[in-house]
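Q: Could you go through this model with me, one region at a time?
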Amino acid sequence: MNKDQMKISNILDLSKTIASELFDGLEYPWEALPKISEFIMKIGPTLPKDIYEQRGDDVWVAKDANIMESAYLHGPLIICPGAEIRHCAFIRGSAIVGAGSVIGNSSELKNCVIFDNAQVPHYNYIGDSILGHRSHLGAGAKTSNLKSDKSLVTVKCADEKVETGLKKFGAIVGDYVEVGCNAILNPGTVIGRNTNVYPLSMVRGFIPSNSIFKQSGTLVTKE
């Protein structure tokens, strides 16, 4: 296990997000987090008007997205075609919600990129995080994006700590990852593709692709 496994191309399929250009020139996915708001403000006005409509300041919503009236939408924000924003979802801004994705009942988003067809359907908190294509967070699973001592977040990879320079950084969740109900992803969690996290787990550091992370912290490689 080495830090090269955490590079963008090893975790995220950039063809599955409207935000692919956000990652241009970057090595690790968390480097995109401080750039999300500016990126939305750049591309929002250029989105095709036959597909998107502007709703208030700096909020662009696909016309075929299913938005419940009780949902709160704050810009900068892009909601892509076919997305579903359910009852009382709370989107605080600096968020990109991918095509066909689901933001569920009472779930909260802030400074994040949700790739296409990802699901955060029940009572989730996603802050300063990136969720890959077809990733899924079970009910009550949350990202924790600020350390208790407010120090800068590092990512632990084997015996190495990788500096991010970020005070707020929740999690990078790779494509096709399944996170179980009520799991907590601590600051600086990076989960590789096709990995499963058991319910009620407390996760931190780098979890390699094609793994199973159990409640005890035990890692099993998928066959």
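Q: Before we start, what should I keep in mind about the numbers?
A: This is a predicted model, in which local features need pLDDT of at least 70 and side-chain atom pairs count only at pLDDT 80 or more, while totals for chains, interfaces and linings use all residues. Residues are numbered from 1 along each chain as its sequence is written, and side-chain values use heavy atoms, with hydrogens and water left out.

Q: OK, which residues of helix α2 are buried?
A: In α2, residues 36–43, the buried ones are I36, F39, I40 and I43; buried means under 20% relative accessible area, exposed over 50% and partly exposed in between, with a 1.4 Å probe and protein chains only. Helices (H or I, at least four residues) and strands (E, at least two) are DSSP runs numbered from the N terminus.

Q: And why are those on the same side of α2?
A: Because they cover an arc of only 100 degrees around the axis, the arc being that of the directions from the helix axis to the C-beta atoms. The face of α2 turned away from that buried side carries the exposed residues E38 and K42.

Q: What do the buried residues of α2 pack against?
A: They pack against β2 (59–62), β5 (77–79), β8 (95–97) and β10 (108–114), where contact means heavy atoms within 4.5 Å.

Q: Switching to the largest nonpolar core, which members touch the most others?
A: Among its 68 residues, M6, W30 and I79 touch the most other members. Such a core is a set of buried Ala, Val, Leu, Ile, Met, Phe, Trp, Tyr and Cys residues joined through side-chain atoms within 4.5 Å.

Q: What does I79 touch?
A: Not counting residues up to four places away in sequence, I79 touches Y52, W60, V61, A62, A65, I67, L73, I85, I91 and V97.

Q: Now pockets: what lines the largest one?
A: Its lining consists of K147, V153, T154, V155, K156, K161, N186, P187, G188, R204 and G205, and strand β15 (residues 153–157) gives the most, with 4 residues. A pocket here is an open set of points on a 1 Å grid over the protein atoms alone, where a 1.4 Å probe fits, with protein on both sides within 12 Å along at least five of seven lines; lining residues have an atom within 4 Å of a point.

Q: What is the volume of the second largest pocket, and which residues lie nearest its centre?
A: The volume of the second largest pocket is about 170 Å³, and of its 12 lining residues R204, G205, F206, I207 and F213 lie nearest the centre. Two or more lining residues come from each of β22 (202–203) and β23 (206–207).

Q: Where does G140 sit, and is it buried or exposed?
A: G140 lies in the loop between β13 (136–137) and β14 (142–143), and G140 is buried, with a relative accessible area of 9%. Leaving aside neighbours within four places in sequence, G140 is in contact with H122, Y123, N124, N182 and A183.

Q: Which residues does the cis peptide bond join?
A: A cis peptide bond joins G75 and P76, with omega about -5 degrees, and P76 is placed in the loop between β4 (72–73) and β5.

Q: What about the phi of N117?
A: Although N117 is not a glycine, its phi is positive, about 65 degrees. N117 lies in the loop between β10 and β11 (119–122), and at 25% relative accessibility N117 counts as partly exposed.

Technical notes: Points joined across faces, edges and corners; volume = space filled by probe spheres on them.
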